[in-house]
Each structure stands twice: as structure tokens, then as C-alpha cells.
Amino acid sequence: ASDPAVEATLGADGTTTVDVAPPGAMGSGTSRQLACASYNGDFTGTMVVGCSFGVLTVDGTGCSGGCGTSAEVLLSLLELNQTWSPGATMATGESAIVGCDTINNKFSGDITITCSFGLLTASYAGC
């Protein structure tokens, strides 16, 4: 059986750690895939938890840092501003669309908001 928990590093940047415990006993030589979001809601993907002779190991490189619902970006069009946050966690590389007219009714088209490892950025090219 494996130890109850181990500290794991999530993602490629190595800056986020979490304590990971498998959802049940694991026999030696077995592994399980666990959802990264179960341990940190700002991450997507899966981590691999393995057990070898009672030692638990975790490979968190399958986790990608995303943008959680607490992430914010300030949208501005001609001095009119609005803070935007995703309604659900966005994966790195995922985009959302906001109508330009929701910020300033003098504009039409769309603002594209993109998540990159916890940072939201806005592109106004569609306005």
C-alpha cells in the first residue's frame, strides 16, 4: 500500500505544488490518472499517481495552468471599462468572446479573451 499523500508539482513551470493522495489504496506497481482540477481548480488535464513498494509518486506535467473564475482582465473601449472573469475555469489556450458593445455601445464586433497559464489577455482586433 502507498503512503497517504505526497507533494506534487503541477504543470511545466514548476511553481504550483499540491498535496496529492489517491482516492483509495493502491497496490505496488499500479498507477491512476487523477484530474488536476480536483486538487487545484486553476489547472486542467490529468496527473499520473503511481505506487512502487509503498512509495507514492506523482507526475503532474500533464496539468496545464488555466484561468480560474477569480482571474480578471480589464476591458476598455474609449474610456469605458469593465472587469471580466470567466464563468468557469478556462484551459491555457482557450478563448472566450465578449461583444464590444457590452463595453461601449458605439462599437460592434467581438473582443477575444485568451487564457495563458493563469493570465487573461484581450484582443480588440474584432471591434
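**View 1. C36 and C63 are both buried.** Buried means under 20% relative accessible area, exposed over 50%, and partly exposed in between (1.4 Å probe, protein chains only). The two residues form a disulfide with sulfur atoms 1.9 Å apart, a disulfide being a pair of cysteine sulfur atoms within 2.5 Å. C36 sits in the loop between β3 (30–35) and β4 (43–52), C63 in strand β6 (residues 63–65), and the pair, 27 residues apart, links distant parts of the chain. Strands (E, at least two residues) are DSSP runs, numbered from the N terminus. At -80° about the S-S bond, the link of C36 and C63 is left-handed.

The model is predicted: local features need pLDDT of at least 70, side-chain atom pairs count only at pLDDT 80 or more, and totals for chains, interfaces and linings use all residues. Residues are numbered from 1 along each chain as its sequence is written, and side-chain values use heavy atoms, with hydrogens and water left out.

**View 2. C67 is joined to C115 by a disulfide, S to S 2.2 Å.** C67 lies in the loop between β6 and β7 (73–77) and C115 in strand β10 (residues 110–116), so the pair ties together parts 48 residues apart in sequence. The torsion about the S-S bond is about 95°, so this disulfide is right-handed. C67 is buried, with a relative accessible area of 0%.

**View 3. C100 and C127 form a disulfide, with sulfur atoms 1.9 Å apart.** The link of C100 and C127 is left-handed, with -90° about the S-S bond. C100 is buried at 0% relative accessible area, whereas C127 is partly exposed at 32%.

Terms used. Helices (H or I, at least four residues) and strands (E, at least two) are DSSP runs, numbered from the N terminus.
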